[in-house]
Amino acid sequence: TFTLTLARGPNGAGKTSLLRVLSGVWPAAEGAVVALPAAPRVLFVPQRAYTPPQASLAELLLYPAPPSAAAAAAAGGGARMLEALGWAGLAHLASTPAALRAAGGCAGLSGGEQQRLAAARLYLQRPSLVVLDEASANLEPAFEAKLFAWYAASSSGKS
């Protein structure tokens, strides 16, 4: 399970900077962040997901694991990765473990597909702490509702 916390404020107030420091994406300029789970139990999902077009789907689903670990996991069957893609409405991207390992599996994805891929990563990895920075900005309302319902169920221990 995880806890949901909301950071609000006007544009330019530093919400994204705060989230990046808390999640370990950026180092703190001063002081220290303490009492957070160690990476990779923390996942950061930004407003615009970064999906290098040359990357395989396995690499993105298992990020921040090194590419060699992602390839090995996909070679080992990849059933959970395929399940996560299906949950996120991306089953059309890969139907076999070999397709998960194919270089360039992330090429040509729309902004919404990239955000769904980030959601599939959360579904697959189930980190201790999820840092969302407008993570549903490119999602259609039906999937956004599904995603936040899953978050709510996960935070209450029901998923």
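Q: Let's start with Tyr-123 and Trp-150: buried or exposed?
A: Both Tyr-123 and Trp-150 are buried. Keep in mind that this is a predicted model.

Q: OK, back to rings. How many aromatic pairs does the structure hold?
A: There are six aromatic pairs. One of them joins Trp-87 and Phe-143 in an edge-to-face arrangement, with 5.6 Å centre to centre and 65° between the planes.

Q: Why does that pair tie together parts that are apart in sequence?
A: Trp-87 belongs to helix H4 (residues 79–87) while Phe-143 belongs to helix H7 (residues 141–155), so the pair links parts that are 56 residues apart in sequence.

Q: What's the relative accessibility of Trp-87, and of Phe-143?
A: Trp-87 has 12% relative accessibility and counts as buried. Phe-143 is at 3%, so Phe-143 counts as buried too, the cut-off being under 20%.

Q: So what about the rings of Tyr-123 and Trp-150, how are they arranged?
A: Their centres are 5.8 Å apart with the planes at 45°, so that pair is tilted.

Q: Which residues do the ring pairs link into a cluster?
A: The cluster consists of Trp-87, Tyr-123, Phe-143, Phe-148, Trp-150 and Tyr-151.

Q: Which charged ends sit over rings of Phe-143 and Tyr-123?
A: Over the ring of Phe-143 you'll find the charged end of Arg-116, 4.1 Å from the ring centre. For Tyr-123, the charged end over the ring comes from Arg-126, at 4.8 Å from the centre.

Q: Tell me about Arg-126 then. Where does it lie?
A: Arg-126 is in the loop between H6 and S2. At 32% relative accessibility, Arg-126 counts as partly exposed.

Q: What's phi of Arg-126?
A: Near 45°, which is a positive value in a residue other than glycine. Most residues other than glycine have a negative phi.

Q: Which backbone oxygens does the side chain of Gln-125 reach?
A: The side chain of Gln-125 gets to the backbone oxygen of Leu-61 at 2.9 Å, and to that of Tyr-63 at 2.8 Å.

Q: What else is Gln-125 in contact with?
A: Once neighbours within four places in sequence are set aside, the contacts of Gln-125 are Arg-41, Leu-43, Leu-61, Leu-62, Tyr-63 and Pro-64.

Q: About Tyr-63 and Pro-64: is the peptide bond from one to the other cis or trans?
A: The bond from Tyr-63 to Pro-64 is cis, with omega near 20°. Most peptide bonds are trans. Pro-64 sits in the loop between helix H2 (57–62) and H3.

Q: Switching topic: where is Ala-135 found?
A: Ala-135 is in the loop between strand S2 (129–132) and H7. It counts as buried, at 7% relative accessibility.

Q: Which residues is Ala-135 in contact with?
A: Beyond its neighbours within four places in sequence, Ala-135 is in contact with Val-45, Pro-46 and Gln-115.

Q: Last bit, the overall picture. How many helices and strands?
A: The protein chain has seven helices and two strands, in the order α-β-α-α-α-α-α-β-α along the sequence.

Q: And how much of the chain is made up of buried residues?
A: Buried residues are 35% of the 159 residues. The accessible surface is about 8600 Å², with 57% of that belonging to carbon and sulfur atoms.

Terms used. Residues numbered from 1 in each chain as written. Predicted model: local features only at pLDDT ≥ 70, side-chain atom pairs only at ≥ 80, totals over all residues. Heavy atoms only, no water. Phe/Tyr/Trp six-rings, centres within 6.5 Å; stacked < 30°, edge-to-face > 60°. Helix = DSSP H or I, 4+ residues; strand = E, 2+ residues; numbered from the N terminus. Buried < 20%, exposed > 50% of the residue type's maximum accessible area, 1.4 Å probe, protein only. Lys NZ or Arg CZ within 6 Å of the ring centre and 35° of its normal. Polar contact = N/O pair within 3.5 Å; in protein donor to acceptor, adjacent residues only side chain to side chain. Contact = heavy atoms within 4.5 Å. Areas by Shrake-Rupley, 256 points an atom, 1.4 Å probe, with all protein chains shown as cover.
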